[in-house]
Amino acid sequence: KLQCGRQALEEQLATTMREFNKVQVEAAQLRGEANQHLTQGAQLHKSTTETIKSKEVLEAKLLQTEVMKAAAEENLVGAETKIKLLEDVLKGKDQALCKSLEKYNILQEEYRRFAASTSIPNA
């Protein structure tokens, strides 16, 4: 009877040891999966951090571009104003030139008449 009891206990112990070994294998697998998740989480965190930094850099560049655009628009307005002033100056000079040319033509015609009336050669 002791023999049967001992054999039963040994079988129970063997079964318990097999189950314990299975649990250890499962625990090792779960640790491996947990480490993979931690690694993936760290990589995701790193990627997210890099993305945020890239976004911040792009936002800074966008702001800088907007400032440069505003300055360029101000320069354009100034250039357009200068062009308008120069066009006005040119228009005034053109009008003055036209008046001078008219006076020159009048004086030339008067000189021709004078030359014709006084008989100056090569006039």
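Is K69 buried or exposed? K69 is exposed, with a relative accessible area of 52%, where buried means under 20% relative accessible area, exposed over 50% and partly exposed in between, using a 1.4 Å probe and protein chains only. The model is predicted, so local features need pLDDT of at least 70 and side-chain atom pairs count only at pLDDT 80 or more, while totals for chains, interfaces and linings use all residues. Residues are numbered from 1 along each chain as its sequence is written, and side-chain values use heavy atoms, with hydrogens and water left out.

**Salt bridge between K69 and E73**

- The count comes to 6 salt bridges, each being a side-chain nitrogen of Lys or Arg within 4 Å of a carboxyl oxygen of Asp or Glu.
- One of them joins the side chains of K69 and E73, at 3.9 Å from N to O.
- Both K69 and E73 belong to helix α1 (residues 2–118), 4 residues apart, about one turn of the helix; helices are DSSP runs of H or I with at least four residues, numbered from the N terminus.
- E73 is partly exposed, with a relative accessible area of 42%.

- Through shared partners, salt bridges join E109, R112 and R113 into one network.
- E109 is partly exposed at 34% relative accessibility, R112 is partly exposed at 45%, and R113 is exposed at 55%.

How values were computed: Helices (H or I, at least four residues) and strands (E, at least two) are DSSP runs, numbered from the N terminus.
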